[in-house]
Amino acid sequence: MVEDVNGAVRNPAPSTPNRLVVGISGASGVTYGVRALDALRELGVESHLVVTRAALLTLSQETDLTPDELLGRADVVHRLNDVGATIASGSFRTLGMIVAPCSVRTMSEIATGVTSTLLTRAADVMLKERRPLVLMVRETPLHLGHLRTLTALSEMGAVIAPPLPAFYARPASIAEMVDQSVGRALDLFGLDWAAVRRWDGLKGPVAE
């Protein structure tokens, strides 16, 4: 029992279950979603995956993975049209949701609240429950409509986290750049993945 500042006694809130929702949409960069699932497995975090049909098409073009191999990386897989799934309800408690990668169509659906799939419904749940929603948006260049949509999402509480390379980490491969972006996105949920190379200050003499 905890005593509140006004003398009232309240029960401490239960700890949040160690689970994260992962959405993979059809933008280029499906590898970000793949590595997010791998990271969660390493961290002991239960992953709840929902994948769009366009994402499976991208998977076939950008990787050698089969759909079954992708789905096998998740602890729980939800069907895209299963609006009765656990992650469609705010009563199902999670650390939040990451959409990696996030397509323009997906971000637009989330921004309007007119959700047509379980992926965008789950994202809408995160916003209404005030849980972290991280969108790894993959598009460039951005026109004014994109920018206004991203602004609206930010105002609603989403975190816009485009997967941009961190060159201070001195990546030696595309895989290292991907892992750095994924790890920094997971930081936003309080998850510390060992693959992230942390900034530890400037090296050598500093000009005054």
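**Figure 1. Helices H4 and H5 cross in a right-handed way.** This close-up comes from a predicted model. H4 covers residues 104–112 and H5 covers residues 118–128. Where the two helices pack, their axes sit 9 Å apart and the angle is about 45 degrees. That makes H4 and H5 oblique to each other, because angles between 35 and 65 degrees are neither roughly parallel nor roughly perpendicular.

**Figure 2. A look at the side of each helix that makes the H4 and H5 contact.** From H4, the contact takes in Thr106, Glu109 and Ile110. H5 brings Leu119, Thr120, Ala123 and Leu127 to the contact. What kinds of residues are these? Sorted by type, the contact of H4 with H5 has four nonpolar residues, two polar ones and one charged one.

**Figure 3. Tyr168 and Trp199 form the structure's one aromatic pair.** The ring centres of Tyr168 and Trp199 are 5.5 Å apart. Their planes stand at 80 degrees, so this is an edge-to-face pair, as planes over 60 degrees apart count that way.

**Figure 4. Where do Tyr168 and Trp199 lie in the chain?** Tyr168 belongs to the loop between strand S8 (159–160) and helix H7 (174–187). Trp199 is found in the segment after H7. The pair therefore ties together parts that are 31 residues apart in sequence.

**Figure 5. Tyr168 and Trp199 again, this time for how exposed they are.** Tyr168 has a relative accessible area of 42%, so it counts as partly exposed. For Trp199 the relative accessible area is 52%, which means Trp199 is exposed, since the cut-off for that word is over 50%.

Methods:
Residues numbered from 1 in each chain as written. Predicted model: local features only at pLDDT ≥ 70, side-chain atom pairs only at ≥ 80, totals over all residues. Heavy atoms only, no water. Phe/Tyr/Trp six-rings, centres within 6.5 Å; stacked < 30°, edge-to-face > 60°. Helix = DSSP H or I, 4+ residues; strand = E, 2+ residues; numbered from the N terminus. Buried < 20%, exposed > 50% of the residue type's maximum accessible area, 1.4 Å probe, protein only. Axes fitted to C-alpha atoms, helices over the stretch in contact; angles between N-to-C directions. Parallel < 35°, antiparallel > 145°, perpendicular 65-115°, else oblique. Left-handed = near helix turned anticlockwise from the far one by under 90°. Contact = heavy atoms within 4.5 Å. Nonpolar A, V, L, I, M, F, W, Y, C, P; charged D, E, K, R; others polar.
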